[in-house]
Amino acid sequence: MAKTYDYLFKLLLIGDSGVGKTSILFRFSEDAFNISFISTIGIDFKIRTIDLDGKKVKLQIWDTAGQERFRTITTAYYRGSMGIMLVYDVTNEKSFENIKNWIRNIEENASADVEKMILGNKCDLEAKRQVSKERGEQLAIEYQIKFIETSAKDSLNVESAFYTLARDIKAKMEKKQEASNPAGARSGAHQIRANEQQRKPTSWLSRCSLL
Amino acid sequence: MSRSSSAEDIPDQCKDLFTQDGVLLKACLGRPVTDLNSIGMLCIVQNHDSSKYIEWRPNDLITIDSDTQDQEWAVVNTIGRRQRTLSGNMTSDYATARARIIKIPIDELKTFRVTRNNQQMQFSTKPGVWQTTFYFQHGNAEIFVAYLKNHVKTAKTRHDRNTYVVVEPNIESQVLNKSFAELDIFTENTTDVVWNLVSNFKQRPYETTLEAFSKLTDIVYYGNEGMNGKRDVSEEVADLLTKSMSAMEDATTVTKNEEYEVISVKPTLPPRPCIPRGTPLSTEKWEGLQDTEGRVTEVEGVKQLIFRGGVAHSIRQSVWKYLLDYYPWHMTHAELRQLTKKRTEEYFSMKLQWRSMTEGQEARFSEYRDRKSLVEKDVNRTDRTHPFFAGDNNPNLVVLQDILLTYVMYNFDLGYVQGMSDILAPLLLLLGNEVDSFWCFVGFMDKIATNFDMDQAGMKHQLLQLQQLLTFASPALAAHLAQKDSGNMYFCFRWLLVWFKREFSHRDIMRLWEVLWTSLPCANFHLLICVAILDAEKDILISKDYGFTEILKHVNDLSMCLDVDKILSTAEGIYHQVVSAPHLTDQIRIILGLPTLGITTSSQSEDEELATTSTAGPSNGYTRI
């Protein structure tokens, strides 16, 4: 059976309630925006396959409920994620301050080498801005994490944010692969998925076609 | 082992062939009034001489076995020996309670009837006199009838289809009059069997005991067909079981071993009854159920009707206030007017608390600010596609927000938790009135308060209970989920947090909620709703071998594709299956709020563990025969 992708990356969107995680995901997966999204209860994910340097990369992006109370449930889904988008709202100071807490949360629950990126969302709302771009950049430097301001509403930088994160994961993976296997075999993650597909050909592919 | 006696030493060697809980003694000739109206269980019991009788036992007789640590004996108890009613000493209380047992020999039974919409059953051993009357709390007398009909041959009378006449002394009892030896279970040389049993018992007391008893109880529970041929024991028993469980796949596995044969039986549930939904509670009926001053007199009856068919839309505004504990059922119109006045004042004084807060106060009150910010965020994304909440500057959004902020003041410690706006929106939509919506919201929140625990303990507990129920009611699916790392049932989180609000349309969620608010037919019926939905998806989830992510996706995608009436009907069917299962455990009884029997199984010690450790394994397949 023909493969529909070369890599599968599991990504995660985290951040305070109402910063726009679902909107960012919706913009990226459906290229649409709706001012009246419903709040996320529990957890959900969406899928989009992108082309990255000639490779098909399937991104499975998990969207979580933001309220702190639900964290004991949502952190159960951190496992196995290869990249995490930390989202704050530039019109909400508190959500920015909480990025530090979210980073601590990742350190406790996700794998140590997970790729991270900070997104300052709602940058279209210049009049309501509480967090300057410089402060966002400063925080990113402090934690040595990439940073970009986005607007899910105006479709600004959402695409490039996911491409950047995916490219970084791919590079890290290939580097690791080369180091452990100089003969140049393909990535471990990819191989696991390929095997899984042979074993149960209907599962992933049939779901993909629906998504 | 302190109690060294073998099963044969138990003085009262009777076996419960069937038991049903929640049965009140309503009337009995020759009994003092004090004995009446006490709750107990109605059983079909087989005596040591194989004669059978219907027996009612008061619940205070059924004591918890103090010896639950003794696993081997706890297991023996589960197969229905009378042992469990003894908790060590035969106290005088116990003797008094025993005197209250009612026995009706099945041989003497002449007629019985079911009345009051499956809530009442009467028995007679003499023509023209109903000697005993029982009330079935759960309105499920039909289940008892179904089992009773396995033991007596009956005909319905022509003039009353609810009355059954016993037509002849039942033949089956004669068959069962034979001793177990005569039943010819062991076709090998009896001495060898006994010797094997003894030697195996020394080496593996646990398995051997279970093996032996499983054979016996299988006969008791599943009949004695196919026992005549001279065949291999395992073959015969397996065959017999397969016949009786033909509806279930994979029900029986026979493991051959050099030393002995373990017949592993996955206990199965009785067939699922198909219980049609009823019609909604109508205006006429509702008015008829109130007295002239407005008191609702037959509360249980009202709840039964609502459970069966919901509430007609035209009277929801009124009925919901009762269901959500805003209006007490017993109050007159005049008293309700007083109450409404008082509650209105109370509401507005709490509303004033946050409305009168100055900007400066708010700036120095971060805990309030945090709550307010969460409310504002969620109000703007609650049911905005519904016309009632759609559009910019919709005044209904302001009311939604005001109620939620007032609730923050009403219960500041709980504050605002995501999901609350989902709970409130349908109430406001229906009631339209701010004060009524608030107090109904308070009533609903009281019912689901643990959903919003800071540490989510309530949600985790429910998810664990759901996993236990599913393991009992749909073991194959539970095993699949456990195998796919989904045994923690987190994928049902949204269902439980907001009581399926996100899964159904507004119209359907009103129906589902009003049915669930009745708290019928048992505690935690909403978990059985989950089981019903999952059970319907079982074939897809298993046959497509869905894994962790696909299970979550599939379940999330069920939203707005579910048929509320079908699910309610299925859930009720599953309820009847579960409560009439011979292997019903205390663990399940506790979840459903049924009286416990003090029976402990090995899986019960796992109560405290998280749902991630599944109890669905073949290892405990035979402990619950």
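This is a predicted model: local features need pLDDT of at least 70, side-chain atom pairs count only at pLDDT 80 or more; totals for chains, interfaces and linings use all residues.
Tyr7(A) and Phe9(A) make one of them, a tilted pair, with 5.9 Å from centre to centre and 35 degrees between the planes.

Staying with rings, let's move over to chain B. One aromatic cluster there is formed by Phe18(B), Trp56(B), Phe112(B), Phe123(B), Phe134(B), Phe136(B), Phe144(B) and Tyr164(B). Chain B also gives us a charge over a ring: Arg371(B) places its charged end over Phe412(B), 4.2 Å from the ring centre.

Now for something that crosses between the chains. Lys553(B) has its charged end over the ring of Phe45(A), and here the distance to the centre is 4.7 Å. And which residue of chain A meets Lys553(B) in a salt bridge? That would be Asp44(A), with 3.5 Å from N to O. Over the interface of chains A and B, the rule finds three salt bridges.

Which parts of chain A touch chain B? The elements giving two or more residues to that side are β2 (43–52), β3 (55–64), α2 (71–74) and α8 (203–210) of chain A. Among these, β2(A) provides the largest share, four residues.

Let me step back to the interface as a whole. Its size is often given as the accessible area lost when the parts come together. For chain A and chain B, the buried area is about 3300 Å², and carbon and sulfur atoms give 55% of that. The contact takes 32 residues from chain A and 38 residues from chain B. As for polar contacts between the two chains, the count is 13 residue pairs, with both residues at pLDDT 80 or more.

I'd like to finish with one lysine, Lys460(B), which you'll find in helix α18 of chain B, residues 457–473. Is Lys460(B) buried, exposed or partly exposed? Its relative accessibility is 25%, so Lys460(B) counts as partly exposed. Leaving aside residues up to four places away in sequence, Lys460(B) touches Thr72(A) and Ile73(A) in chain A, plus Asp455(B) and Tyr490(B) in its own chain.

Note on methods: Residues are numbered from 1 along each chain as its sequence is written. Chains are lettered from A and ligands numbered from 1 in the order in which they are written. Side-chain values use heavy atoms; hydrogens and water are left out. Rings of Phe, Tyr and Trp (its six-membered ring) pair if their centres lie within 6.5 Å; planes under 30 degrees apart count as stacked, over 60 as edge-to-face and the rest as tilted. A charge sits over a ring if NZ of Lys or CZ of Arg is within 6 Å of the ring centre and within 35 degrees of the ring normal. Contact means heavy atoms within 4.5 Å. Buried area is the accessible area (1.4 Å probe) that two parts lose on being put together, summed over both. A salt bridge is a side-chain nitrogen of Lys or Arg within 4 Å of a carboxyl oxygen of Asp or Glu. A polar contact is a pair of N or O atoms within 3.5 Å; within protein, one must be able to donate a hydrogen and the other to accept it, and residues adjacent in sequence count only if both atoms are side-chain atoms. Buried means under 20% relative accessible area, exposed over 50%, partly exposed in between (1.4 Å probe, protein chains only).
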